[in-house]
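Here is a short tour of the model. Have the sequence and the 3D view open as you read.

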Amino acid sequence: MKDAVAAELNLHATEELNHALLVANRVIQLGGTPVLSPQGVVRAQPVHLRPPEDPYVAVLLDQNIAGEQCAITTYKGLMDVTKDKDMVTYNLALTILGQEVEHEEDLQSLREDLNLMVQRGSK
Ligand SMILES: [Fe+2]
């Protein structure tokens, strides 16, 4: 399943980069300074944005599922604080949240496929 997982993660990475650009542009519109370095991002989200250390597909999937769940929580939180106060940021968070939910579902589906393959292989 390595190729299927790599293809999915590459697609997600492209979409995550777009999310970063959208958020950075919004921060600039609001007069702030976006976090620009990977180290700054890791400092801001230290738990779920660790570089992969174990290349086993199951571990990569679990790590990325946790990352997507963290993103979902983060964008829901952003929606909560901007609701009825900043509709532009609220709508941006809602749009990104939709993609993060799709990412999480895609990875959960791959994880379930892997579990089935492991179960069938052990019989
Ligand atoms: Fe994502």
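## Nonpolar cores

The largest nonpolar core has nine residues: Ala71, Ile72, Tyr75, Met79, Tyr90, Leu92, Ala93, Ile96 and Leu97. Such a core is a set of buried Ala, Val, Leu, Ile, Met, Phe, Trp, Tyr and Cys residues joined through side-chain atoms within 4.5 Å; buried means under 20% relative accessible area, with a 1.4 Å probe and protein chains only. Helices H3 (57-82) and H4 (87-121) each give at least two residues to this core, and H4 provides the largest share, five residues. Helices here are DSSP runs of H or I, at least four residues, numbered from the N terminus.

A second, separate core has eight residues, among them Val5, Val57, Ala58 and Leu114.

## About the model

This is a predicted model, in which local features need pLDDT of at least 70 and side-chain atom pairs pLDDT 80 or more, while totals for chains, interfaces and linings use all residues. Residues are numbered from 1 along each chain as its sequence is written, and side-chain values use heavy atoms, leaving out hydrogens and water.

## The iron site

Glu16 (OE), Glu68 (OE), Glu68 (OE), Glu100 (OE) and His103 (ND1) coordinate the iron ion at 1.8 to 2.7 Å. Donors are N, O and S atoms within 2.8 Å of the metal (3.2 Å for Na, K and Ca); water is not among the atoms, so sites may look incomplete.

Glu68 sits in helix H3 and Glu100 in helix H4, so the pair ties together parts 32 residues apart in sequence. Both Glu68 and Glu100 are buried.

Terms used: Buried < 20%, exposed > 50% of the residue type's maximum accessible area, 1.4 Å probe, protein only.
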